[in-house]
Amino acid sequence: MRSASSEVSRSAAAVYASLGAQVAATAAMVLFEHVRGRRLSREIAAFGGDPHNPAAREVVGAVTVFAILILLLAGATVAAAVAYLGWLRKVRPASSGLYTLGAWLVPGVNLVAPPIVADQAWREAARGRGAAPAGSRCSPAGG
């Protein structure tokens with residue numbers, strides 16, 4: 001049986017990898033916008049956005065690249081969310097999965113609850129090591 005520590009480490013590595021993919025996809029989008037985006041939007045506006053216009057064939061390649069970049073960014077964002085929620089679940093096994101998921105999906109609550117859940121996980125991990133995290137405002141005993 002694998003140790004809980006290695007499972008948490010693998011979950012954390014998945015979070016880092018997915019966040020790296022998200023940063024790379026965002027950088028690719030920024031680069032595309034800088035290199036081709038404005039000119040592409042002017043070309044599409046010139047033929048009125050009509051996909052049946054003969055001029056539309058000239059921009060199909062660039063529009064396809066843009067669509068692929070959008071899909072990559074969306075996929076990386078979903079992967080990062082899944083990896084992060086998986087990591088939280090491994091770090092806080094006593095908490096309900098519904099509680100963790102609700103913290104992210106309930107409108108209004110999702111503005112406040114995710115940092116609180118992450119902070120609780122951080123403090124629980126520090127208590128498990130027997131020391132308060134550096135810069136924490138509370139002792140490991142919760143005081």
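The model is predicted: local features need pLDDT of at least 70 and side-chain atom pairs count only at pLDDT 80 or more, while totals for chains, interfaces and linings use all residues. Residues are numbered from 1 along each chain as its sequence is written, and side-chain values use heavy atoms, leaving out hydrogens and water.

**Overall fold**
- The chain has four helices and zero strands, where helices (H or I, at least four residues) and strands (E, at least two) are DSSP runs numbered from the N terminus.
- Of its 143 residues, 23% count as buried, meaning under 20% relative accessible area with a 1.4 Å probe, protein chains only.

**Ser-18**
- Ser-18 belongs to helix α1, which spans residues 4-46.
- Ser-18 counts as buried because its relative accessibility is 8%.
- Beyond its neighbours within four places in sequence, Ser-18 is in contact (heavy atoms within 4.5 Å) with Ala-76, Ala-79, Ala-80 and Ala-83.

**Helices α2 and α3**
- The axes of α2 (residues 60-91) and α3 (residues 97-105) come within 10 Å and cross at roughly 140°; axes are lines fitted to C-alpha atoms, for helices over the stretch in contact, and angles run from 0 to 180 degrees between N-to-C directions.
- On the α2 side, the contact is made by Tyr-84, Leu-85, Leu-88 and Arg-89, and on the α3 side by Gly-97, Thr-100, Leu-101 and Trp-104.

Methods:
Buried means under 20% relative accessible area, exposed over 50%, partly exposed in between (1.4 Å probe, protein chains only).
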